[in-house]
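Student: Here is a model I would like to learn to read. Where do we start?

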Amino acid sequence: MDNGKIKHIGVFTSGGDSPGMNAALFGTAKVAEQHGIRVSGILKGYEGMIDGHFIPLESQQLQKTVHRGGTVLKTARSERFMALEGRQLAFKNLQDNDIDAVVAIGGDGTFKGLLAFSEICDIPFIGIPGTIDNDISGTDYTLGFDSAVNTAIENIDKIKDTAESHNRVFIVEVMGRDSGYIAIHSGLGVAADAILIPESGEDFLQLLKKVKDYKSEDGFIVVVSEGDELGAGLVASKIKEINSKVDLRITKLGHVQRGGNPSSLDRMLGIRLGSAAVRALLLGRRNAMVGVLDNQLSLTPFEQVVKQHQVNDELQELLKIFGT
Ligand code: F6P
């Protein structure tokens, strides 16, 4: 399996941090070491690549971080990498550090960056999907999604207690950028009265019908994805228009969803994908992302990865049933 050519792997985390990234770093370093490959961490994603911030990494140190959220390599969204000059500098730094393969852990923006980079850089790259949004094609789940949903559920459960005590309507906004995955999973998990996602226009009409007849005799929970076309504020004012008697509050869960210890699923996913990334490089694969589809490891070219992972028909159907 070992093609004997790779001696030094660079690894970095980029974009929004997500629980499970440290487990992926551990998986990468452990398997690389098993094959006698040196590993360097590139700090702060593409920013560190441009600035030449590389540090030696060993699995022994990373083993202590698997249970921790965030990323020990730090992360950033890099404007400079979007310019050709930035990418040229990054390529030079990889060459100067004798890096002959790279593992990149990040989301949509990270993979778009890699696609542009591959036009000028011939070093093989393998990606690992790391984002709480679950908005990447080529994997059923991204690293951090499960933990973020668990955090959202834990917090919405608490909101339900107070909503029911006061017979209030709560609009809870969850993250997800343009994707409704966090909203659907957390909304169904707390048995919300309505779930609004960017991928559906009908969900709002269902909510209006339901809230019209709401008699303020119980709590009423609406989970809204931040990417929904209306947003929490407008949803709140429309509800008030339809039923002026409601006592309504808005809670935005925000970055609390990004932090915290990774769930068991995210730890496992991180270790599986980190290991798979090194094995893919050893097999001579490049410019593709490792993922898990139907619980089997998979490899998907970056061109396909950047197409948004669509909320599937089954989930859309559930949304119709449980949102009414
Ligand atoms: O992509 C992850 C994510 O948390 C999104 O859900 C959210 O829209 C965005 O990042 C927030 O970005 P930032 O941390 O840069 O404010």
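The dialogue below takes up a helix, the ligand site and the salt bridges.

Tutor: Keep in mind that this is a predicted model. Let us begin with helix 6 (residues 145–166).

Student: How many residues does helix 6 have, and what span does it reach?

Tutor: Helix 6 has 22 residues and reaches 31 Å from first to last C-alpha, close to the expected 32 Å. After it comes Asn167, with a positive phi near 55°.

Student: Which residues of helix 6 are buried, and what covers them?

Tutor: Buried means under 20% relative accessible area. Among the buried residues are Phe145, Val149, Ile153, Ile156 and Lys160. Their cover includes strand 6 (169–174), helix 7 (181–189) and helix 10 (264–282).

Student: Which residues surround the ligand?

Tutor: They include Arg77, Asp133, Arg177, Glu226 and His255. Look for polar atoms facing ligand oxygens. A polar side-chain atom of Asp133 lies 2.7 Å from one. For Arg177 the distance is 3.3 Å, and for Glu226 it is 2.5 Å. The protein buries 74% of the 400 Å² that the ligand exposes when taken alone.

Student: How many salt bridges are found in the whole structure?

Tutor: The search finds 11. One joins the side chains of Asp133 and Arg177, at 3.8 Å from N to O. These two sit 44 residues apart, in the loops between strand 5 and helix 6 and between strand 6 and helix 7. Asp133 is buried, at 9% relative accessibility, whereas Arg177 is partly exposed, at 42%.

Student: Where do Lys112 and Asp108 lie?

Tutor: Both are in helix 5, 4 residues apart, so about one helical turn separates them.

Notes: Residues are numbered from 1 along each chain as its sequence is written. This is a predicted model: local features need pLDDT of at least 70, side-chain atom pairs count only at pLDDT 80 or more; totals for chains, interfaces and linings use all residues. Side-chain values use heavy atoms; hydrogens and water are left out. The expected span of a helix is 1.5 Å times one less than its number of residues. Buried means under 20% relative accessible area, exposed over 50%, partly exposed in between (1.4 Å probe, protein chains only). Contact means heavy atoms within 4.5 Å. A residue is near a molecule or strand if one of its heavy atoms lies within 4 Å of it. A polar contact is a pair of N or O atoms within 3.5 Å; within protein, one must be able to donate a hydrogen and the other to accept it, and residues adjacent in sequence count only if both atoms are side-chain atoms. Accessible areas come from the Shrake-Rupley method with a 1.4 Å probe; for residues, only the protein chains shown count as cover. A salt bridge is a side-chain nitrogen of Lys or Arg within 4 Å of a carboxyl oxygen of Asp or Glu.
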